[in-house]
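Q: I have a new structure open and I'd like to learn how to read it. Could you walk me through it, feature by feature?

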Amino acid sequence: MSTVYTKSQTLQALATAVRNDITKLYAAPCINWSGTTSDCERDDYTNVIANEILKTYLSPLKSIQVVSRKESYCIGHQKVSDWECSSQTQNRSLSNEKWIAKYIFQEEDFLFLGSVIDYETPLGNYDGDGLGEIDLLTVNDNTLYAIELKSGANENDTLLHAILQAYTYAKIVDKVKLIKNFRERFPWLPPTPDLIPAVAVFQDSPLYKNSEGLEKVEKLRNELGVKLFLLSWDDDGITVESGD
C-alpha cells in the first residue's frame, strides 16, 4: 500500500523543496505524488501543491535566473530525408520520449506547433550539470515554443511536473543567445520571437487523464503562461491539437 499524506505534510514537503532549490522544484518527489490527501477534504496532491504555489511561491519561481550556455545552443541536429520506421517500431517506441522527440523533429511542420527546428536542445555546458534539455523547439509565426514532451507512459509523472519543468527551462535558457544561435542556421527565423514554455502530452495517457478536473493545476499553468499541446497517434503518425 502506498504512503498517504495529509494536506499539512504535503505543504511541508513543498516548502522544503522550494528552500532546497527552486530550479529543481519540478523534480521534487512531492510534485509527482499521485492520489489524494488523507484529510476529510481528500484533495489531489498536485491540486494542493499548485494552489500553494499560486498563493506563496510565484515570486521565487518567476525570479529564476538565466544560465547562459557557453557553447552554441544549436548543436547541429540534422533531419533525415528518408526517415521512416516500421509500424512495429513505432508502437514499441511510443513510451520512449527521446524517440518521440526525434520522430517529431523529422517532420516538417505540425498544426499548432509550427516548424520543428530542434530536439534535445542542451541548456548546460556539459553533461551531468543538471540543467537538462529542451525536448522540442518549434516556431509558429512570431512564437518560439520550448516544449517539454511527456509520453504519459510513466505513471510516476504528473502534469504539474511537466508544467513546472517547461516553465523552469524557459526561464533558464538565454533567449537572446538561443535565437542568435538558431538564426545562424535558420535565417528565416523571426529576430525577436516570444519564447513560450509548453507541454506536449498524449491525450489518451494516464498523465493527462489524471489531470482532468484539477482546477488549481490548470490555473497555475495559465498563470505561468505554459501552453498545452495534446498529441495523438494513428496510422498516419502523430497529430497535434491545442489543449487550451
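Predicted model: local features only at pLDDT ≥ 70, side-chain atom pairs only at ≥ 80, totals over all residues.

Q: What share of the contacts with a separation of 6 or more joins residues 24 or more positions apart?
A: That share is 67%. For one example of residues apart in sequence, take Tyr 103 and Gly 237: they are separated by 134 residues along the chain, yet their C-alpha atoms are 9.4 Å apart in space.

Q: Where does Tyr 103 sit, and is it buried or exposed?
A: Look in helix 4, which covers residues 97–106. Tyr 103 has 8% relative accessibility, so it counts as buried.

Q: How do I describe two helices that pack together?
A: The general idea is that you give the angle between their axes and the distance between those axes. Now try it on helix 5 (residues 159–172) and helix 8 (residues 215–224): their axes come within 10 Å and cross at roughly 10°. Angles under 35 degrees count as roughly parallel, and therefore helix 5 and helix 8 are roughly parallel to each other.

Q: Which residues meet where helix 5 packs on helix 8?
A: Helix 5 brings Leu 160, Ile 163, Leu 164 and Tyr 167, while helix 8 brings Val 217, Leu 220, Arg 221 and Leu 224. Sorted by type, the residues of this contact come out as seven nonpolar, no polar and one charged.

Q: What about salt bridges? How many does the structure hold?
A: For this you look for a side-chain nitrogen of Lys or Arg within 4 Å of a carboxyl oxygen of Asp or Glu. The structure holds eight of these salt bridges. One of them pairs Lys 62 with Glu 223, with the closest N and O atoms 2.8 Å apart. Lys 62 belongs to helix 2 (residues 45–62) and Glu 223 to helix 8, so this pair ties together parts that are 161 residues apart in sequence.

Q: How accessible are Lys 62 and Glu 223?
A: Lys 62 is partly exposed, at 37% relative accessibility. Glu 223 is partly exposed too, with a relative accessible area of 38%.

Q: Which partners does Lys 150 have in salt bridges?
A: Glu 148 is one partner, with an N to O distance of 3.4 Å. Asp 157 is another, and here the closest N and O atoms are 3.7 Å apart.

Q: Which residues form a network of salt bridges?
A: Find Lys 98, Glu 120 and Glu 133, which are linked in such a network.

Terms used:
Residues numbered from 1 in each chain as written. Heavy atoms only, no water. Axes fitted to C-alpha atoms, helices over the stretch in contact; angles between N-to-C directions. Helix = DSSP H or I, 4+ residues; strand = E, 2+ residues; numbered from the N terminus. Parallel < 35°, antiparallel > 145°, perpendicular 65-115°, else oblique. Contact = heavy atoms within 4.5 Å. Nonpolar A, V, L, I, M, F, W, Y, C, P; charged D, E, K, R; others polar. Buried < 20%, exposed > 50% of the residue type's maximum accessible area, 1.4 Å probe, protein only.
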